[in-house]
Amino acid sequence: MNKLILSSFTLIFFVFTAVSQAQNTPYAFYLTWNQDPTTSMVVDWHSDGLQSQQLNIRRKGTANWSQMESDVLPYPFSERVVHRVSLLNLRPDTAYEIQFPGSNEVYYFSTMPSNLNEKSIKIAIGGDAMHRKEWFEKTNRVVSFFEPDFVIIGGDMAYENGIAENIQRIYDWFEGYSNTLITADNRILPCVVAIGNHEVVGGYYSRNPGFEQKNSFRKRIAPYFYGLFAFPGQPGYNVLDFGDYLSLIILDTEHSNPIPGVQTQWLAKTLEERTHVLHRIPIYHVPGFPSVRNYEDITQTMVREHWVPLFEKSGVRIAFENHDHAYKRTYPIRNLQRDQSGVIYVGDGSWGVGERPIHDVENTWYLKRAQSVKAFTLLTLEGPQFNLISVDENGRIIDSYPESPLPYRSH
């Protein structure tokens, strides 16, 4: 009888312990930057409870863990919280292992190189990420197979529209990220995001009463975006500088900020201050050169009128657009004409969404390539040069620049 009682107690204890551990394991995690990616990393994880937690971290190849205490931040419309650790003064081009509270799993991330003299970097870029979780995760797995250094998603991450009733969509997005934007050897791919219309109540700031260019207004109309993504943060547009070789310029196409005025003035100053940077790459949601929507629509026209001349003046060579749910690459464009000295625009936001019919490429002056397909672009920076391939959800290469007869590849 004593053995039975002991066995029952042992079983109950085991089950209780397993449940407790499961509850302590983070629901999801997310890595990004808000300072120089050569020497920093922001690590988020989502869990229950208001108490600070500890992140284990060590340089890969070393034995001893260090512990970093988390800041605890509110999670919009949820009893969950965001734990955030901002890691600074890291070594460039170095792998660090991390272990989240309640988990025995060891992941790692890598800081970016200090320059491009001896090492290139590879970036997976797309937008309009998740109509369906299974579509999002399918593309994510292809992205992870190519092992980029990090990911950029140019808006419309979870299609939650900034409202409480859609919180499961944001849960699903972060869960999908945590499950699939990881390489085969457990490297987490950091992610940089821009704001899109589906992060905002009504899609655009102008559809919300009481507009003011203030943090409180933006947070009210885009609570998940401003509450869960450390970068770009307020005011919704920002620049992320990788040493002196790359500046990612994240912009807001009328979703929580107007295009004209303050934002465009900021863009002009930001570009002017970075003429020495090898690669200056704008990323934003609504395209100035759409593959699906009307070229003359209001926001598309504002992009061309206010931003495109600044791109051309400052020597930008490539920009990434989204929103249209198709793939496109334009001819180089300057002064709204084809010009080999101009800017190439790549997009158009079809990471994990239903595809839309495209404009007739032959009869659309600015389109070099376009296709109704789920896809992302893999951009490689090598010294002052860049090249890209674009890949569909099945791993097939559908486009390349500079153009070459690349074979289709699947896995």
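Analyst: Two strands are said to pair if DSSP finds at least two bridges between them. In this predicted model, four strands form an open sheet in the order E4-E3-E7-E8, and their pairing is antiparallel. Strand E4 (66-69) and strand E8 (107-110) are the edge strands, each pairing on one side only. From one strand to the next, the twist averages 35 degrees. Strand E3 (residues 54-59) runs antiparallel to E4 and is joined to E4 by four bridges; in one of the pairs, Gln-54 has Glu-69 of E4 as its bridge partner.

The helix to examine is H3, residues 167-180. Its 14 residues should span 20 Å at 1.5 Å a residue, and the end C-alpha atoms are 20 Å apart, so the two values agree. H3 is mostly covered, with 10 of its 14 residues buried; among them are Ile-167, Tyr-171, Trp-173, Phe-174 and Tyr-177. The buried residues of H3 pack against several elements, including strand E1 (28-32), strand E2 (41-47), helix H2 (133-145) and helix H5 (223-228).

Two loops complete the picture. Most residues other than glycine have a negative phi. In the loop between H3 and E11, however, Asn-186 has a positive phi near 75 degrees. Asn-186 counts as buried because its relative accessibility is 18%, and the cut-off for buried is under 20%. In the loop between H2 and E10, Glu-147 also has a positive phi, near 55 degrees. Glu-147 counts as partly exposed because its relative accessibility is 43%.

Notes: Residues numbered from 1 in each chain as written. Predicted model: local features only at pLDDT ≥ 70, side-chain atom pairs only at ≥ 80, totals over all residues. Heavy atoms only, no water. Axes fitted to C-alpha atoms, helices over the stretch in contact; angles between N-to-C directions. Expected span 1.5 Å × (residues − 1). Buried < 20%, exposed > 50% of the residue type's maximum accessible area, 1.4 Å probe, protein only. Contact = heavy atoms within 4.5 Å.
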